[in-house]
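Student: I would like to learn how to read a structural model feature by feature. Could we take one model and go through it together?

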Amino acid sequence: MLARQVCIIGAGMTAFSGKLHRDKTCRELLVEAALEAEKSVDKGIDLKKDVDAVFTGYFTPEIYEHQGHIGPLTATWLGLTPKPAFRTEIACASSSAALYAGITAVASGLCDVVLVAGVEKMTNLETQEVTEALALASDDISESRVGATFPGLYALLAQAYFKKYGATWEQLQTVTIKNHYNGSLNPKAHFQETIAQIAEKVGSKYGVKYRDELDFLKNSPFNRVIAYPLRLFDCCPISDGAAVAILASASIAKKFTDTPLKFLGVGLASDNLALQDRVEHASLRASRHAAETAYKMAGVKPKDINIVEVHDCFTIAEWLAVEDLGLVERGGAAKAYEEGLTSLEGEIPVNTDGGLKAKGHPVGATGVGMLHEVWHQLRGTAGRRQIKNKAELGLVHNVGGSGASAAVFIVGR
């Protein structure tokens with residue numbers, strides 16, 4: 001268990017978008033998210049006075065913005081100098097690494113209040129250049145140098161899963177349909193339309209009548225194959241965005257709010273970087289180990305979790321996640337999704353904000369962005385996407401690259 005209880009007292013997030021932030025820099029996005037986080041603190045907070053340290057996750061600022069030294073840059077724009085400020089990086093889980101560092105700082109007693117941020121400004125580059133930037137999270141010698149992209153790597157994981165469990169691409173589309181529906185209820189999501197709405201729009205424009213959502217996903221020329229078996233709508237978009245969480249020790253959290261959320265379990269794990277060096281490919285070992293650590297620390301079981309945010313950079317990643325977290329039996333994701341187990345009304349709501357698939361995936365912002373959703377769901381402030389059953393326990397699962405890094409956080413009311 002943590003040496004000292006750590007709480008979340010505030011959270012904020014920009015919209016995740018491919019167009020909205022085109023003319024903004026990472027520093028402007030961080031300020032926007034931080035101002036919302038500051039405003040969310042029930043009893044108010046003076047960031048300059050109360051925050052002891054700053055931790056910021058950003059995967060590749062050098063490529064997107066020709067900018068390193070992100071820690072002090074964050075502190076400067078948030079008015080927090082000369083407080084200590086750091087940047088963390090483990091690919092798509094970079095802000096989860098920042099969370100881990102921030103939790104450690106508070107739990108150790110070194111800090112009482114910390115600000116944890118995540119950001120990525122991706123739309124500065126064209127799609128091909130973004131693909132090359134993201135490839136830095138794979139193995140250069142055995143993967144990216146020989147042409148493997150992240151859609152390609154996750155396509156290999158999908159093929160391995162389909163072969164092992166007999167699942168199909170058609171069944172996998174339950175993830176796409178669910179997450180686009182959830183995203184349609186989220187005003188901060190990159191995509192705010194259901195697949196049915198997209199199919200109707202496309203069909204009306206080109207004089208095509210699709211029978212249902214699966215018919216559109218299977219037969220529309222707009223849903224082309226990217227890396228077999230994954231198609232365009234199996235992939236998350238290129239997004240800009242930032243998210244911020246404010247953490248405090250339990251002993252002083254009541255100074256800021258009467259309803260703090262507590263970190264009950266924390267897990268971070270790694271695996272071999274290259275897929276060719278992994279023990280298996282229908283599961284992510286780092287996710288399993290991070291989850292085991294977090295569950296043990298929290299003293300809870302998968303069945304106790306009420307709301308889940310998992311890393312669905314590609315649709316197959318969501319299936320791997322729910323199984324690796326023990327929420328669904330091994331090989332049982334297809335059946336569980338077809339039965340609606342993970343829908344907003346289901347027994348285990350997953351990615352209520354639309355997930356990376358629909359909400360968007362500004363890489364460095366994703367981990368804290370997931371925590372932002374759990375924060376709102378546990379406080380009952382998630383608006384139209386609020387789950388019906390009162391949530392007491394939430395879980396955040398964030399993966400770096402193709403699974404070489406994974407983080408799991410269990411949060412309670």
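Student: Is helix α5 largely enclosed by the rest of the structure or exposed, and how many of its residues are buried?

Tutor: Bear in mind that this is a predicted model. A residue counts as buried when its relative accessible area is under 20%. By that cut-off 11 of the 14 residues of α5 are buried, so the helix is largely enclosed by the rest of the structure.

Student: What should I check about the geometry of α5, and what follows the helix?

Tutor: The general idea is that an α-helix has 3.6 residues a turn, so residues three or four places apart point the same way. Here α5 covers residues 94-107 and reaches 20 Å from its first C-alpha to its last, close to the 20 Å expected at 1.5 Å a residue. Just after α5, G109 takes a positive phi of about 90 degrees.

Student: How many residues of helix α16 are buried, and what is its span?

Tutor: Helix α16 runs over residues 366-379, and its 14 residues should span 20 Å at 1.5 Å a residue, which agrees with the 20 Å between its end C-alpha atoms. The helix is mostly covered, with 13 of its 14 residues buried. It is followed by G380, whose phi is positive, near 75 degrees.

Student: Where is D240, and which residues is it in contact with?

Tutor: One reads a single residue by its element, its cover and its contacts. D240 is found in strand β7, residues 240-249, and counts as buried because its relative accessibility is 0%. Leaving aside neighbours within four places in sequence, D240 is in contact with a set of residues that includes A15, F16, S17, H21 and R22, along with E120, K121, M122 and T123. As for N186, D240 is 54 residues away from it in sequence and 16 Å away in space, C-alpha to C-alpha.

Student: Is T14 buried or exposed, and what does it touch?

Tutor: T14 has its place in the loop between β1 (6-13) and α1 (26-40), and at 0% relative accessibility it counts as buried. Not counting residues up to four places away in sequence, T14 touches H21, L29, E32, A33, K188, G241 and A242. H21 and L29 are also among the contacts of D240.

Student: Where does G332 lie, and what does it touch?

Tutor: G332 lies in the loop between α13 (315-324) and α14 (333-338). It is buried, because its relative accessible area of 10% is under the 20% cut-off. Setting aside residues up to four places away in sequence, G332 touches Y161 and E323. The C-alpha atoms of G332 and L99, 233 residues apart along the chain, are separated by 31 Å.

Student: What is the radius of gyration of the whole protein, and what share of its residues is buried?

Tutor: A compact globule with 413 residues would have a radius of gyration near 22 Å, and the 20 Å of this protein agrees with that. The C-alpha atoms fill a box of roughly 60 × 45 × 45 Å along the principal axes, and 60% of the residues count as buried. Of the contacts with a separation of 6 or more, 77% come from residues 24 or more positions apart. The protein has 16 helices and 11 strands, and it exposes about 16,100 Å², of which carbon and sulfur atoms supply 53%.

Technical notes
Residues are numbered from 1 along each chain as its sequence is written. This is a predicted model: local features need pLDDT of at least 70, side-chain atom pairs count only at pLDDT 80 or more; totals for chains, interfaces and linings use all residues. Side-chain values use heavy atoms; hydrogens and water are left out. Helices (H or I, at least four residues) and strands (E, at least two) are DSSP runs, numbered from the N terminus. The radius of gyration is taken over C-alpha atoms; the globule rule is 2.2 Å times the number of residues to the power 0.38. Buried means under 20% relative accessible area, exposed over 50%, partly exposed in between (1.4 Å probe, protein chains only). Contact means heavy atoms within 4.5 Å. Accessible areas come from the Shrake-Rupley method with a 1.4 Å probe; for residues, only the protein chains shown count as cover. The expected span of a helix is 1.5 Å times one less than its number of residues.
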